[in-house]
Amino acid sequence: MDLGYSTEEMAFRNEVRSWLADNLPADLREKVLAYQHLSKEDLVRWHKILDAKGWAVPHWPVEWGGTGWDITQRYIFNDEFGLAGAPGIAPFGPAMCASVLMRFGTDEQKNRFLPRIRSGDDFWVQGYSEPGSGSDLASLKTRAERKGDKYVVNGQKIWTTLGHYGDWIFCLVRTDPNAKIRQEGISFLLIDMKTPGITVRPLILMDGGHEVNEVFFDNVEVPAENLIHDENKGWTVAKYLLGHERMGSGNVGASKRELQTLRELASKEIKNGKPLLQDARFRDRLTRVEVEIQALELTSLRFLDKMRRTGQPPGADVSMLKLKGSELQQAITELMMQALGPDAQPFVGVEDGHVDEYRARMAPRYFNYRKTSIYAGSNEIQRNIIAKMTLGL
Amino acid sequence: MDFEFSEEQTQLAESLRKYLANEYDFEKRKAIVKSASGVSDTVWATFADMGLTALALPEADGGFGGGAVDLMAAMEACGEALVVEPLLDNVGLAARLVARGGSTAQREALLPGVVDGRHRLAFAYLEPGRRYELDAQKTTARAQAGGWVLDGEKSVVIGAPSARVLVVSAHTAGVAGQPDGTSLFLVDADAAGVSINACRTVDGQRAADVTFTGVKLPAEALVGTAGGALPLIEEAVDFATALLCADAIGTMKNANDATLEYLKTRKQFGAPIGSFQALQHRMVDMYVVCEQARSMAIFAAAKVDEGGDAGARKRAVSAAKVKIADAARQVSQESVQLHGGMGMTEELKVSHNFRRLTMIAQRFGDADHHLERYATFD
């Protein structure tokens, strides 16, 4: 057993770290570290910087512009990304849609979409959940009716993250409402968001921010060539994708960076004349979070090691990364808010008043991060998956 | 033994609840929060008409001589509706300090206006970088030319932007015979040298950081004796904490009711999600923790009304606040989680309950603070 990285892996970590230090624009890093809103332009600018280096889609096959890194290198890359305060790459195009195209797309579809995903020219979003279909995704109702060489789409998607940035949306749609098994009436369709009949409506979350949307489809005509895999085989595609969504969900690098920020915050806040960091109660809670991060990181590395040796994905157990990763992010944002004591209350200045914007973001961040145990398959669903698939209950 | 509210107490709460249901629904509250002042003078006048501002003040000052238990059921109704008007900050803090510590002249000048709703007060006591500590250190008052000069800064003073007079705690070291004490002063909010930096809090209330720069006060601005205000402040904050616990019960009850309804009506996998045992048990825990919190809120209110031993009062209030802080956290988090994505949105009251409960958990000291204080009075 050897829990350490090899000399080559350490050298690779240094290479990534120093490249990020030289190439991550200061204004973007500032925004990330100050918990500010990132515009579409910010995200695309960063994507293009990475693309110029050949690092926008590290996990892709080399022939499509990937790096050929092994899984450990990819893990190290993501870790350094989080530690550096780099804006995250939205997963919908490069990680999700691309995975589907590689596995199920025709050569034509690959040639048409993959280069523009790699370059950041097309911003992709995900059209899965519907108002009546959250955890029970297979009950989705958005209808796509085949008419000649087109599908006509009617219905509504919800929780579309960054839908207002979207150039394209990949959707699960119902093509056969009469299928005996409802999973067998679903198809996977790519839709240009500039198509007439699409309306995007913001949903404001309780931190006051706009990141998710409702997307309405009113007689939207989609060329039949935008169908991925066979008609009514969309559920196979969706299941393939769900495994991909969870592997990176631990967010260990970002949590390590946030823990450091929390430590700095707690060393400046004063309780009973001493830094809060020296308060036994607070320090114990912070230490528990630190231990949890270590446990999550080591568990992630164990999974990686197994994947590398067997060539197989870790299966249902990958859900545990999502469970613990989301709980950790929530614990850290909660401690940051509690570190401020009464100062966590101010939100926004009124009547010519102003607030300390950094401090005023702590409580809203705690509010916002409640989403992590709800999105991408709620933590209840993740537990169901482990119960059923791993434990056989 | 009698854990029930009296007929009068219940009636007051019921008429308040009826009023709030009509005039303070979710949309109307939202409009108030977004309005210029962030408080409704109409609502405030109605509170005064109902006697809410008078209830806990002494009869000699135009009040009804009641206590925390008398206000509990009404505070619970306020919690259900997420009232943002600073009722607790007036009757629980500022007006209570004037009533219990002020001279006849001070009481006559301020309390009738509180009782009939003409004006509001606010209590400025928290200081930057000193978390929940109740003594004044960073705001000082120097005796000068038969009066006082006030300097320093107070943070997150709830209700300050709409208050006519601030009750301000200040350090008065150097006063003859009072080497190291905390004192209280009455300061007009529009006095020269008072600067109010107003904000809206994450749970929709109005607050301000208040700076005092060479504010000249007459001798009669001092409330009570110089240097001796800390016990008075501790009593008022305990009283207000007991009211806050009652307020929290109302909000938790509302969050639990909404979640229960959602579990019964939201269908996934062909069944109401409330039919899943994993969720049933969590709903049961939310219910249980709310009932436990209610018991402790009643205990705290009864103990602050008893008067007597300050140590016993502090222990009771701290015990209640530990329980309420933990319960508020559990109920707020679980109500959002069980609502799924919808619980995260501005559109549902659940997310507003969440924010309010989160701030209640921290106001007047979080669970850690009160665990520590409880142990001090063993």
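In the predicted model, the contact between the two chains draws 36 residues from chain A and 36 residues from chain B. On the side of chain A that touches chain B, the elements giving two or more residues are β6 (198-204), β9 (270-271), α9 (280-310), β11 (346-349) and α12 (362-368) of chain A. The largest share of this side comes from β11(A), with 4 residues. Classified by residue type, the side of chain A that touches chain B contains 18 nonpolar, 10 polar and 8 charged residues.

Strand β11(A) also takes part in pairing across the two chains. Its partner is strand β6 of chain B (residues 194-201), and the two strands pair in the antiparallel sense over 3 bridges. Within this arrangement, V348(A) stands opposite R200(B) of β6(B).

The overall form of chain A was examined next. The secondary structure of chain A consists of 13 helices and 11 strands. Along the principal axes, the C-alpha atoms of chain A fill a box of roughly 75 × 60 × 50 Å. Buried residues account for 40% of the 393 residues in chain A. Of the contacts in chain A between residues at least 6 apart in sequence, 72% join residues at least 24 apart.

For chain B, the domain assignment gives domain 1 (7-118), domain 2 (123-223) and domain 3 (230-376). The centres of domain 2 of chain B and domain 3 of chain B, taken over C-alpha atoms, are separated by 31 Å. Their contact involves 9 residues from domain 2 of chain B and 10 residues from domain 3 of chain B. The side of domain 2 of chain B that touches domain 3 of chain B comprises 4 nonpolar, 3 polar and 2 charged residues.

In soluble globular proteins, nonpolar side chains tend to be buried together. The largest nonpolar core in the model has 157 residues, and those with the most contacts inside it are L166(B), V167(B), F185(B), A242(B), C245(B) and A297(B). Helix α7 of chain B (residues 230-265) supplies the largest share of this core, 14 residues. Leaving aside residues up to four places away in sequence, F185(B) touches A141(B), W148(B), L150(B), V168(B), A170(B), L217(B), A221(B), L222(B) and V223(B). Another core, of 48 residues, lies apart from the largest one and includes A56(A), A90(A), W124(A) and F188(A).

Methods. Residues numbered from 1 in each chain as written. Chains lettered and ligands numbered in written order. Predicted model: local features only at pLDDT ≥ 70, side-chain atom pairs only at ≥ 80, totals over all residues. Buried ≥ 20, exposed ≤ 12 C-beta atoms within 10 Å, placed from the backbone. Contact = placed C-beta atoms within 7 Å. Domains from an automatic or database assignment. Nonpolar A, V, L, I, M, F, W, Y, C, P; charged D, E, K, R; others polar. Core = buried A, V, L, I, M, F, W, Y, C linked by C-beta atoms within 7 Å. Pairing = 2+ DSSP bridges.
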